[in-house]
Each structure stands twice: as structure tokens, then as C-alpha cells.
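Student: I have a structure open and would like to learn how to read it. Could you take me through a few features?

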Amino acid sequence: MGRRMLIGIDLGTTNSAVALWHSAEGANGEAGARLVPNALGAVLTPSAVSVLPDGTTLVGAAALERMSLKDGATATSFKRLMGTDRKVRLGRKDFSAEELSALVLMALRDDVEAHTGMRPTEAVITVPAYFNDRQRKATRRAGELAGLTVRRLINEPTAAALAFGLQDKAEREPFLVFDLGGGTFDVSIVEMFEGIVEVRASAGDNRLGGDDFNTALVLAARGRLDPEGLLGKVEDRRSQALLAQAAERTKRALSEGQEAEFAVTVDGTRLSTTITTTEFESQADGLVRRLRDPVVRALRDSQIDAASLSEIVLVGGATRMPIVRKAITRLFGRFPNSSVHPDHAVALGAAIQGGLIARNGGLEEIRITDVCPFTLGIETAERTARGGIQSGLFSPIIERNTPVPVSRMGSFSTMADNQKQIDVTIYQGEAREVSGNVLLGTLKVPVPPKPEGEVGIDVRFSYDSSGLLEVDVEVPLTGAMHNLVIIDEEDRKAASDLAARRKALAALKHHPREEAANQLLLARAERAYEEFLGDIRAVVGDRTRLFVAALDTQDPRRIADAAAALAELLDLLEANPPL
Ligand code: AMP
């Protein structure tokens, strides 16, 4: 069948998910978005990539499990590096964040193919509202590297609002989307007006997320966890991974109870301590305080007061923490809505937007507008009180949070007698002085020499959702027009070798999807082998050898038996490690 298949993807810092839109004519009659499980039957796939010693790449839970191995060669949290030149070395190869993201996208694409029998060709991918242009373009390229046509990048809060049924509400019922993920925090105000979903404002902190709460837990535990300094004796990277994993377990347990154990096993020795909610709360106080600012900023930018919000919806796994929920309830004076699982909302919303694009019934009338996430303007100068000139000032033309596409004009005039040229220097950012902003380009505009202030120019900025900025300058006195289209230079460079990079990625050996469960088991076994010593280590080694031998026979029955025996042992060791 030549049908195009469009998937919705939440490419998260910690976990990613993929969903499909089912139209009412589909198999079971009910229209809606549904998540697609991976080879392990889970709908969340850890955004982790590992390269095995033989060069094969591995994505998801098994990769995450390899994180703390001595030769782990695993990358996580690489979404934080999107749009930068930083490379991550795994085994013998360097990967950029967009390449690692592409590997995750490929895995999700393969999951959909295995599940539906159809190969997805197109995708809607979500990005944090606060992602800048460069980060958005890197995300788009990741999709293309994975062989997907990226029909649209949408903001995570927009997707979330759709999953929470914004489209079924009356007009002008603003939703505040509170999204605390693994690595980023976004607050957005989303509203529907005249049938159009609009992000009225977004603010955030792209250096704050659930991972930071893990760090707080490590700090809370560290002092009394390891009086003998055992952790200092193992490789730094490994001890950090062990502590981070322990903190993650403790954090989740603290979402269920008043206290939890913080435990790590180092070379066969188990270290543990108990952490209470009160302790966690006081250690994480600084992080919790940082949640307030973006909320205030988003409300102010959208000129909506907290009382008139229709819903406060929670997105991102880290909103499961009771200390975070408590802070939100205190901040707004009411309880947030968490009727959709906070980890599923964004992927479901992306699939709903996919359904929209494919013009499925029911959602046709909704269009979505995005906002320009940063202020765009030019450099100007000003006369000071003492008659001098202060240059290097930033004059905004398009303010942040303006819905796009947008076209705005500003008028300026010469600052000196007989000035022959005006340099229109374009910046993006929020700082009052241009030195604090990002330089985008310069347009040199010749003007007729006249006394100061007599020659004016009109500068028009047009910005669209693909991130293209067009600058038109008119000199009304002469009627001369000048034009500049700003495309990221770096972006063009990166785009030019896209085909070659796609080939290189496709040429990597990927671990067969159907072996995901076995790979996860092997990684767990290797970890246990590294963690324990003596008799236990010997037993782990024996059962692992039997399992590997069974895999070699390719006899499904023998593999299943050996896997069960190994899993039983590992479950026992993980649940109840010997002291
Ligand atoms: P996301 O980036 O949206 O996948 O969010 C992942 C973050 O949510 C990570 O920092 C997780 O540790 C955190 N998280 C997931 N489940 C829980 C839970 N039950 N309690 C506390 N934090 C959680």
C-alpha cells in the first residue's frame, strides 16, 4: 500500500515515546491517539544510546542498563546538547546530539513498523517551547537523519494541551502547562481563539529538571552513605552512574512514601541510608524555588492572571514528585489536573496534531500557531544626557512570545551629520545591550548625506515558523529597498552533509529489535557481575555463560529456559542484595 504513515514523537531528555492517530474508521472504531509499545512492551523508551564492543548500537532500556558498566559506552541526556557542536565519544566513534537523537528516532520508527506492519515515513516531533532556533533545527535534522520527513515540530506544551482536550473546551479557556521533565522546565499558557490553538506565552529554564533532584538526593545521602570512602576508590564516571541510579530509585520511592532508602552496591559492598521527605524537601528547596519565576513570567507575558486559568495541567515525569505538586498547589491555590499520565501527554498530543495534518475527522478546524521564542531586534545608539553617544543598545522589533508568522516594523534615523551609511545589525536575545545577545547578521544601507536625524529608515522583520527571518529596509527619502534573509550559516553547513551523515548512521549495525529483551538481560547480568564478588559473582557468571550458550543454539525453548534462570537470579539480587 502506498499510504504515508505519520507518527507523533515525544523526543524527551530522559524518555521518548511514539503515538499514532487512529481515525474512527480504523480497526476498533474509536478515534483517538494511542501510544505504541516498544519491543519490551513499554510505552516509554529511555533516550539512551549504547555502542557495544563489536560496534553495534543499542537504544533504550538495555542501553541505560549499560550506563554503569565499566566499558558502558552509553550516552544519556543528550537532548541538553542539541544545537551545540559537542560530540559524545562512544566506543571508537564520536556522535553529535542530533545523531544520537536520530538513533532513538530510528528505534521508535522500527517499533511502529513492528507493531503495525507499516513503515512510518513522516513525523510530528515535539520540542520544548524554550528551544531556540538552532536547537529546533538540530531536532529537525535528527528526524531527517532517521529517514523521516518532519512534517512539523510542535512545542511540547501545545501537544500536551491537545492531549488534555483543549480543543473540546470553550474559546478563551487558557491552560497553563507545567512541564518538568528530566532536564528541562517549561511553563506555557495555551489558549484557543477562533478555533486556533495558540501558545500565548512560554517561559522556562532549560537547565532545570528531574535529574537535578537526583543530584540533590545524592548530596543529601553522600555525607553518611559512605563513611569508609569506598566510592572514592572506583572510577569517577562509574561511581557517579551508581549514585545517579540509586538517587533515581530513591526519588521514585519518595513519590510513594514518606521515606525511602538510598542504596548502592560497590564491588560487593552494600552502602545504604534512609532519606525522609522532609530532608529531600530541604535539600531541594533551591530547585523548588526556581519553579516560581517562569510561572510568573509566563503569566505576565500573556497578561492572564492565575485566577482566570481554566486548567493547570502537569506534564513530565518529574511532576510526579509530591514536593513538586505541593509547590504547584501552593503557587496557584488549587490542585492541578493530572488526568492524562504526565509522561504520555506530549506524544499523544503530537499524534493528535498528526491526525490534524492528515485531515482526519473531528480535528479539522484546529490550526496551531507557535510563538517566536526570543526577541528579535537591531543595534541602535542613544544620545546621553551629557551629549555623548552610547552605542551597542538593543532595540526590539519582534518581542518574544509574539505568535508567528509575524511581520513588524520599526523606524530609525541617522545619528550623525552627513552619515553615508546605516549599519542595520540584527540580534536575537533579551539583553538590553547587544553584547549580551546573539548576532544574526548585518545589512549595510547607503543613505544620502544630510544633517543628523533627517534621514529615516523603516526596518521590517518577518519571521515564520520555520525559523527564517527576513529583514527588509526601506529608505523612504529615496525609495531604495534592501533585503536580507537570515539562515543560520552553521545550519546550512550541517544540512549540506546531511545525506552523507544519514548514510553513515544507516550503515551502523543496529541491534535486532526482537533481541531487545535478551540484550537487557545481558546488560543486567554484566552489571551484577561487576557489582558482586566471590561466590555470587561466580554464580552470575555461570548462568550468564549458560544463557549466552543458549543464544548461540538459536533454539527458542533453550533460550527461554536459560533466560528465566538468569532473570530469576538477577531479580533476587536486585531486590535483596546480600549485605
Ligand atoms: P521526562 O523527561 O518527562 O521523561 O521526565 C523524566 C523525569 O521524571 C526524570 O527525572 C525521572 O526521574 C522523573 N520521574 C519519572 N517517574 C517519577 C516518579 N514516579 N517520581 C518522581 N520522579 C519521576
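Student: Are Phe213 and Phe280 buried or exposed?

Tutor: Start with the cut-offs: buried means under 20% relative accessible area, exposed means over 50%, and partly exposed is in between (1.4 Å probe, protein chains only). Here, both Phe213 and Phe280 are buried. Bear in mind that this is a predicted model, where local features need pLDDT of at least 70, side-chain atom pairs count only at pLDDT 80 or more, and totals for chains, interfaces and linings use all residues. Residues are numbered from 1 along each chain as its sequence is written, and side-chain values use heavy atoms, with hydrogens and water left out.

Student: Why does Phe185 count as buried?

Tutor: Its relative accessibility is 0%, so Phe185 counts as buried. You'll find Phe185 in strand 13 (residues 185-193); strands (E, at least two residues) and helices (H or I, at least four) are DSSP runs, numbered from the N terminus.

Student: How do I read a pair of aromatic rings?

Tutor: You describe such a pair by the distance of the centres and the angle of the planes. Rings of Phe, Tyr and Trp (its six-membered ring) pair if their centres lie within 6.5 Å; planes under 30 degrees apart are stacked, over 60 edge-to-face, and the rest tilted. Searching the whole structure turns up 2 aromatic pairs. One of them joins Phe213 and Phe280, edge-to-face, with 6.3 Å centre to centre and 80° between the planes. That pair links distant parts of the chain, since Phe213 sits in helix 5 and Phe280 in helix 7 (residues 277-283), 67 residues apart.

Student: And the ligand: how many residues surround it?

Tutor: A residue is near a molecule if one of its heavy atoms lies within 4 Å of it. There are 16 residues around the ligand, and Gly182, Glu248, Lys251, Ser255 and Ala318 are the closest. Helix 6 gives the largest share of the shell, 3 residues.

Student: Which polar atoms lie by the ligand's oxygen atoms?

Tutor: For a polar contact, look for a pair of N or O atoms within 3.5 Å; within protein, one must be able to donate a hydrogen and the other to accept it, and residues adjacent in sequence count only if both atoms are side-chain atoms. A polar side-chain atom of Glu248 is 2.5 Å from a ligand oxygen, and a polar backbone atom of Gly182 is 2.8 Å from a ligand oxygen.

Student: Where does the ligand lie relative to the domains?

Tutor: Domain bounds come from an automatic or database domain assignment. Domain 1 (6-208 + 291-371) and domain 2 (210-286) both give residues to the shell, so the ligand lies between them.
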